[in-house]
Amino acid sequence: MPSPPYATAAIPYDRLTHAGETPMLRVIRIGQALEREGHNLEARTLYESALRDGRATTPKEAARLVRVIARTFIQESDLDAARDCATA
């Protein structure tokens, strides 16, 4: 069953910030934790919001977010969406 295009609920928890952690690294850390727990949609929503709201401050960080967004689609076996995301 395909997932909705956005998370229906807020991210279920918030992790404590580690010393010296940038907002971008915090997004990646929390997103990966969500993915490990099987919450791909919530992780993707977090990554997409970070891409839109400016937490990705360099092209390298934006590319990293696009890659992890594509990975969430791959984990859901939505290869067409992953390909579209990767080529965007």
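The secondary structure of the protein chain comes to 4 helices and 0 strands, where helices (H or I, at least four residues) and strands (E, at least two) are DSSP runs numbered from the N terminus. Read from the N terminus, the order is α-α-α-α.

Before going on, the ground rules. This is a predicted model, in which local features need pLDDT of at least 70 and side-chain atom pairs count only at pLDDT 80 or more, while totals for chains, interfaces and linings use all residues. Residues are numbered from 1 along each chain as its sequence is written, and side-chain values use heavy atoms, with hydrogens and water left out.

Now the chain as a whole. Of its 88 residues, 33% count as buried; buried means under 20% relative accessible area, exposed over 50%, and partly exposed in between, with a 1.4 Å probe and protein chains only. Among contacts (heavy atoms within 4.5 Å) with a separation of 6 or more, 42% come from residues 24 or more positions apart.

Next, the core. A nonpolar core is a set of buried Ala, Val, Leu, Ile, Met, Phe, Trp, Tyr and Cys residues joined through side-chain atoms within 4.5 Å. The largest one here has 18 residues, and V27, I28, Y47 and L65 have the most contacts inside it. Helix 1 (23–36), helix 2, helix 3 (59–75) and helix 4 (79–87) each give two or more residues to this core. Take Y47: leaving out residues up to four places away in sequence, its contacts include V27, I28, E35, L65 and R71.

Two of those partners bring me to salt bridges, meaning a side-chain nitrogen of Lys or Arg within 4 Å of a carboxyl oxygen of Asp or Glu. How many are there in the whole structure? The search finds 4. In one of them, R71 meets E35 at 2.8 Å, N to O. R71 lies in helix 3 and E35 in helix 1, so this pair ties together parts that are 36 residues apart in sequence. E35 is buried at 10% relative accessibility, whereas R71 is partly exposed at 30%.

Another bridge joins R83 and D80 at 3.0 Å, N to O. These two are 3 residues apart in helix 4, so about one helical turn separates them. D80 counts as exposed, at 52%.

Last, N40, which lies in helix 2 (residues 40–53). Is N40 buried or exposed? It counts as buried, because its relative accessibility is 11%. Beyond neighbours within four places in sequence, N40 is in contact with E35, T72, Q75 and E76.
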